[in-house]
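Here are my notes on the model, point by point. Please read them with the structure open.

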Amino acid sequence: MAGDGNGRRILVLPGDHIGPEIMAEAEKVLAAVDRRFELGLTLEHALIGGAAYDACGDPLPAETLARAREADAILLGAVGGPEWDGVDRALRPEKGLLRIRAELELFGNLRPAILYPQLAEASSLKAEVVAGLDLLIVRELTGGIYFGEPRGIRTLESGEREGFNTYVYRESEIERIARLAFRLAAQRGGRLCSVDKANVLEATVLWREVVERVGREFPDVTLSHLYVDNAAMQLVMAPKQFDVMVTGNLFGDILSDAAAMLTGSIGMLPSASLDAAGRGLYEPCHGSAPDISGKGVANPLATILSVAMMLRYSLSEPEAAQAIEDAVSRVLDQGLRTADIYSEGCKKVSTAEMGDAVLAALG
Ligand code: NAD
């Protein structure tokens, strides 16, 4: 079980294209903190995505899923690529990822948007608006309109077609995501902003009511509410006002991508998807980048920072997590940059050189 000392098992799923390249660097870093902090981790590897489809005709083989269920945490690279475009939709690499999230009931998606001051120029917003940004978006991942029934496209009596979906949340679903978000806010800056559309959608009237009810269990966290349209505006106007934001699947999908872009580089952003027991799947926000795979230029920092999230949220090893985050910051201070975050005056490094630099900075 997560957090019970030695003998913890990590399942590593490198995936496709740059997945194995960035994962190799993340594993170097994980091995180093394992030794230094005596974490007693055991790493196992399995196939997912296109690599799994090629090997056994299934993007999520039964063996991978069985091992995932037994692991204390899962570390994933990225899946997908154009060579699987012709594959039956149900067997595409991305389906492997959607299925593992659903099978393991990973309902809580954590998407930090952190802008290291050293990279402030990479954002499309003014540096002073975003420098030092440290925001966490908690998105409900397994409910809401993406899963609600009924859904479909039907033909009306008039002959006109209509598309329809159902925005639905049960109290228990809202409660568990709210509780997770409050817990995280309590560990961070103590401020939680819940995002809804309670002026129009009844489902989110209930959302607001339940979030407020759960909030009474967390008197040390200050709760606020925003309608999603205003939240989007505030996010690009003054993003540093936020500590933790919690929202449903649909709004979270959109807001977390907008927040990611505030930071300017997708190669820097980790993510986590957690279940009710705090076990989780950790992965970079970006995809498998087939356009740059095999060239040794991919940025491994999002995956390395995903390792830090895993140590913090599933393995209760905050010191080891902090050591990795500090090492990444030191490497940026040294002016080392992969091509995606390169700016003049810095030193351009390869994927492996960046991994080695983080290792060296760990000391
Ligand atoms: P992508 O995130 O793979 O790439 C978008 C752009 O960002 C590309 O120009 C790429 O070179 C660049 N990029 C991404 N990661 C980078 C990194 N670490 N370092 C430097 N540059 C990086 O998105 P896409 O091109 O839309 O999708 C490519 C494949 O990945 C598709 O098959 C897609 O379905 C899949 N995908 C997988 C995941 C996942 O595994 N979680 C997420 C998104 C997309």
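1. Helices here are DSSP runs of H or I with at least four residues, numbered from the N terminus. By that numbering, Arg99 is found in helix 4, residues 93–103. Keep in mind throughout that this is a predicted model.

2. Stay with Arg99 for a moment. Its relative accessible area is 31%, so Arg99 is partly exposed. Arg99 and Glu128 are 29 residues apart in sequence. Their C-alpha atoms are 41 Å apart in space.

3. Now the ligand. Which residues are closest to the ligand? They are Glu94, Gly287, Ala289, Asp291 and Asn299, in a set of 19 surrounding residues. By class, that shell has 9 nonpolar, 6 polar and 4 charged residues.

4. An N or O atom in the His286 side chain is 3.1 Å from a ligand nitrogen. Ser288 uses its backbone: an N or O atom there lies 3.1 Å from a ligand oxygen. Asp291 places a polar side-chain atom 2.9 Å from an oxygen atom of the ligand. Taken alone, the ligand exposes 810 Å², and the protein buries 67% of that.

5. Next, the aromatic rings. A pair of aromatic rings is described by the distance of the centres and the angle of the planes. The count comes to 4 aromatic pairs. One of them joins Tyr167 and Phe251, with 6.1 Å centre to centre and 50° between the planes, and is tilted. Tyr167 lies in the loop between strand 7 (161–164) and helix 6 (171–187), and Phe251 lies in helix 9 (residues 249–262), so the pair ties together parts that are 84 residues apart in sequence.

6. Tyr167 has 18%, so it counts as buried. Phe251 has 9%, so Phe251 counts as buried too.

7. Phe182 and Phe218 make a stacked pair, because their ring centres are 5.2 Å apart and their planes are at 10°. Phe182 lies in helix 6, while Phe218 lies in the loop between helix 7 (202–215) and strand 9 (222–227), so this pair ties together parts 36 residues apart in sequence. Both Phe182 and Phe218 are buried.

8. There is also an aromatic cluster. Its members are Tyr167, Tyr169, Trp207 and Phe251.

9. Two arginines sit over rings. Arg154 lies over the face of Phe164, 3.7 Å from the ring centre. The charged end of Arg176 sits over the ring of Phe107, at 4.2 Å from its centre.

10. Lys347 lies in strand 14, residues 347–348. With 51% relative accessibility, Lys347 counts as exposed. Leu336 is 11 residues away along the chain, and the two C-alpha atoms are separated by 5.0 Å.

11. Last, check the backbone. Most residues other than glycine have a negative phi, and most peptide bonds are trans. The peptide bond from Glu149 to Pro150 is cis, with omega near 0°. Pro150 lies in the loop between strand 5 (134–140) and strand 6 (152–155).

12. Two non-glycine residues have a positive phi in the notes below. Glu105 has a phi of about 50° and lies in the loop between helix 4 and strand 4 (108–114). Ser316 has a phi near 50° and lies in the loop between helix 10 (301–313) and helix 11 (318–333).

Note on methods
Residues are numbered from 1 along each chain as its sequence is written. This is a predicted model: local features need pLDDT of at least 70, side-chain atom pairs count only at pLDDT 80 or more; totals for chains, interfaces and linings use all residues. Side-chain values use heavy atoms; hydrogens and water are left out. A residue is near a molecule or strand if one of its heavy atoms lies within 4 Å of it. A polar contact is a pair of N or O atoms within 3.5 Å; within protein, one must be able to donate a hydrogen and the other to accept it, and residues adjacent in sequence count only if both atoms are side-chain atoms. Accessible areas come from the Shrake-Rupley method with a 1.4 Å probe; for residues, only the protein chains shown count as cover. Ala, Val, Leu, Ile, Met, Phe, Trp, Tyr, Cys and Pro count as nonpolar, Asp, Glu, Lys and Arg as charged, and the others, Gly among them, as polar. Rings of Phe, Tyr and Trp (its six-membered ring) pair if their centres lie within 6.5 Å; planes under 30 degrees apart count as stacked, over 60 as edge-to-face and the rest as tilted. Buried means under 20% relative accessible area, exposed over 50%, partly exposed in between (1.4 Å probe, protein chains only). A charge sits over a ring if NZ of Lys or CZ of Arg is within 6 Å of the ring centre and within 35 degrees of the ring normal.
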